[in-house]
Amino acid sequence: MVQGGIFEQTDGPVSLVSAEELAFKFAVNNINRNRTLLPNTTLTYDIQRINIYDSFEASRKACDQLSLGVVAIFGPSHSSSSNAVQSICNALEVPHIQVRWKHHPMDNRDTFYANLYPDYSSLSYAILDLVQFLKWKTATVVYDDSTGLIRLQELIMAPSRYNIRLKIRQLPIDTQDTRPLLKEMKRGREFRIIFDCSHHMAAQILKQDLMAIDLEPYRFCGVNMTGFHAALTYDAVHIVSVSYQHAPQMTVNSLQCHRHKPWRFGGRFMSFIKESHWDGLTGRLSFNKTTGLRTDFDLDIISLKEDGLEKVGKWSASGGLNITEAPKRKGMNITDSLANRSLVITTILEEPYVMLKKSDKALVGNDRFEGFCIDLLKELANILGFTYEIRLVPDGRYGSQDDKGQWNGMIRELIEHRADLAVAPLTITYMREKVVDFSKPFMSMGISILYRKPNATNNGFFSFLNPMTPDIWVYILLAYLGVSCVLFVIARFSPYEWYDAHPCNPGSDVVENNFTLLNSFWFGVGSLMQQGSELMPKALSTRIIGGIWWFFTLIIISSYTANLAAFLTVERMDSPVDSADDIAKQTKIEYGVVKDGATMSFFKKSKVSTFEKMWAFMSSKPSTSLVKSIEDGIQRVLKSDYALIMESTTIDYITRRNCNLTQVGGIIDSKGYGIGTPLVTSQTVCQNVFMNLIITESSWCFFQSKTGLMLLPGSPYRDKITIAILSILEDGRLHMLKEKWWSGSSCLDEERRETGPMGIQNLGGIFIVLASGLVLSVFVAIAEFIYKLRKTAEREQRSLCSAMVDEIRLSFTCERRVKHKPQPPVMVKTDAVINMHAYNDRRLPGKDNMSCSTGMTPVFP
């Protein structure tokens, strides 16, 4: 599935990549990596960049993307370019996704349109509800440009329906100095003011002493507009992917702008998008099925107190305004901005994430530590501008909940606000997410099994027999015996396998058959050894047997040859367990997890029968199955028959450095490591593209919140940290950090040494077989030699010793050997003439040059 993105590039000597584009790429890569949203589909993207005011270029880029077969187009954000792309999408019926505020008139016919920016009419209703709650009778609306009047139209029309008097003013157009306007409003005693302006203008207003209170620390309220649009883009990619998953049997084809032939599945896909629901980084996502605008979102009501911001209520489209001002909680005074703040970081020692630095000098403070998480923390500090102090968690635990509901480890440190961040290999789980906040994962991993590497199987003298199992060898032997016997019987039965033994004698009635029982066995052996024999079947039935046997031997020999190389050149490992199922079915090998870790919680909460069985085994023997730390578990694996179940990324690091350990089986579960942050529900951060700021004599503030910049109500740090993680992930620094701490293995070289040329230890058996055959042939030759000499001595009436001496002397003579045979019978010519044509067809096979002497008869003296 292809998604298209059109993004504006900034003017200047160097064009910078926008945050929306980075978030777009990250969302696509994250979906492809996790494989939970689209398990059977690979998501790709096509990105085009345009100048901010070039609508013609935007139209051309959109047509280029439609020809590639994109399912949706994201952006651009500027109104003129966006309208040009929208018209093309309407004509070709392709969804157009926006993440910026856009005026949407009532008679709008943009059917193929969806905007993740909150509906402006709902925002206007929220302000109106707050004005009514505060019982304002008069108010001043100050807007920046004409779009502000559109956004506040429900409030502007309020005097006709409510008893409210409104005065409308516009901010200066040609200058950012708002002091004259503010002085004029002060002289007119206009103290109830509603501002609709950009966040830059809001900063200027707060700077110019609008109020007696020092608002400098809160002038932006920590707002990060670039990050908010990136979060909306991230959610937009996910909502389109969710819709695609629920759109069965939908095909995507190339579209041409000049042909005006729409996508036939466009209307149905657009309906799926508008009907989809998703809990994203910016909160709940749902759309109006008619207009495509985002509805049903929450806004936080923020009160500015002397010691910080405090959430005093919430507004939603369904529930309206709900003011729940609570007593101020003591403790942390937090804003979204992390610049120049000093944070306390809790962590835990675990290689290669956090380790004590080895040095000859005494190290203090943060210099004591090194590792992947330490480098990641440095990158975050450089981006966000904060300083930090690293503290090891006192109990050395990650964090789990006991039977009484109490937490320990780093999670407890965050809950009790003794730490601001937990930077460690801290797994994001459901139970932890309920009590602390997490950033987006900086590393994905799963659960696997760490076990001692099994001893290699030594190849013996007869390892050449390993390519086939013993039963296969027995079947081959039985097949050989069976085929040989059948060939013998069929050859005896078929009349075409018999031939005249004396072709020169037409009166002879003696016929012979080459396929005796021994010859039949010899024929089978010759074929099996790929050497053939001098015997060839002549009958059709015997030829069928021969052909089938040749085909059988061809397959057997080919399979054997191909498998022999692998068995003799690759060192094979015999592991007693190969998966979680294997380890659950046995009790000989003990196994366990790190106590009070995420892996333990996974098995404890799992409803899968295999994992329930494994947890029952581990919980029955907690003193031996559960280990205090990963290092303790590694030592147990090395010294005893024990398997440690832990995160796959840590296993990868360990096995690269300890060649005696290996990973068994695949990945059991899929999780991620995130940075933990404390939940702070009484203080929330405002995130908005513009701030609708209501200022009263009692210093009340209403900030129009967009349900959180990657931030559900809770941690004020998570949004900034997540955006920073996205940044270092996109530019490759996170990958380089992992390569830095995971590379440098000596086990890879050892693995390469496991294979090599075959030696005598591999092929010694075949030499033994060859030597045995030679020795056997010598004994057989001696037996044949003695047997033949006895026959010769009897025929020549000589002693056995004399004949043996002569035969040995002739055998070791380098001259041509001459055998002494008895004189043949004298042949006398007679008048009888034998007609050769009468028996030519009965000659022996292969003896085409044989001729019979005519007129000769044997005469015996």
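Trainee: Which residue follows α15, and is its phi positive or negative?

Mentor: The residue is Q530, and its phi is positive, near 60 degrees. Residues are numbered from 1 along each chain as its sequence is written. The model is predicted, so local features need pLDDT of at least 70 and side-chain atom pairs count only at pLDDT 80 or more, while totals for chains, interfaces and linings use all residues; side-chain values use heavy atoms, with hydrogens and water left out.

α15 covers residues 517–528; helices (H or I, at least four residues) and strands (E, at least two) are DSSP runs, numbered from the N terminus. The 12 residues of α15 should span 16 Å, and its end C-alpha atoms are 17 Å apart, which agrees. The expected span is 1.5 Å times one less than the number of residues. S520, F523, G524, G526, S527 and L528 are the buried residues of α15. Buried means under 20% relative accessible area, exposed over 50%, and partly exposed in between (1.4 Å probe, protein chains only).

Helix α11 can be read in the same way. α11 is mostly covered, with 10 of its 13 residues buried. Among these buried residues are F372, I374, L376, L380 and L384, and the charged D375 and E379 are also on the list.

Positive phi values turn up elsewhere too. E93, in the loop between α3 and β4 (96–98), has a phi near 60 degrees although E93 is not a glycine. E93 is partly exposed because its relative accessible area is 27%. H417, in the loop between α12 (409–415) and β19 (421–422), is another residue other than glycine with a positive phi, about 60 degrees. With a relative accessible area of 29%, H417 is partly exposed.

Two peptide bonds to proline are cis. One joins G75 and P76, with omega about 0 degrees, and P76 sits in the loop between β3 (73–74) and α3 (79–92). Another runs from E351 to P352, with omega near -5 degrees; P352 is in the loop between β15 (342–347) and β16 (355–356).

Now the charged pairs. Side chains of opposite charge can pair when their charged atoms come close. A salt bridge here is a side-chain nitrogen of Lys or Arg within 4 Å of a carboxyl oxygen of Asp or Glu, and by this rule the count is 18. One of them joins R169 and E184, at 3.0 Å from N to O. R169 lies in strand β7 (residues 165–170) and E184 in helix α7 (residues 179–187), so this pair ties together parts that are 15 residues apart in sequence. R169 is buried at 16% relative accessible area, whereas E184 is partly exposed at 35%. Both R169 and E184 belong to a network of salt bridges that also includes K167 and E190.

A further bridge links E590 and R636, at 3.3 Å from N to O. E590 is in strand β24 (residues 590–592) and R636 in helix α21 (residues 630–639), so the pair connects parts 46 residues apart in sequence. E590 is buried, with a relative accessible area of 17%, and R636 is partly exposed at 23%. R418 and E413 also form a salt bridge, at 2.9 Å from N to O; R418 is partly exposed at 39%, and E413 is buried at 11%.

The surface patches remain. They are made of residues with over 30% relative accessible area and no salt bridge, with like charges joined within 9 Å and nonpolar side chains (Val, Leu, Ile, Met, Phe, Trp, Tyr) within 5 Å. I472, V474, Y475, L477, L478 and L481 form a nonpolar patch with about 550 Å² of accessible area together; areas come from the Shrake-Rupley method with a 1.4 Å probe, and for residues only the protein chains shown count as cover. I472 is in helix α14 (residues 470–493) and is partly exposed, at 31% relative accessibility.
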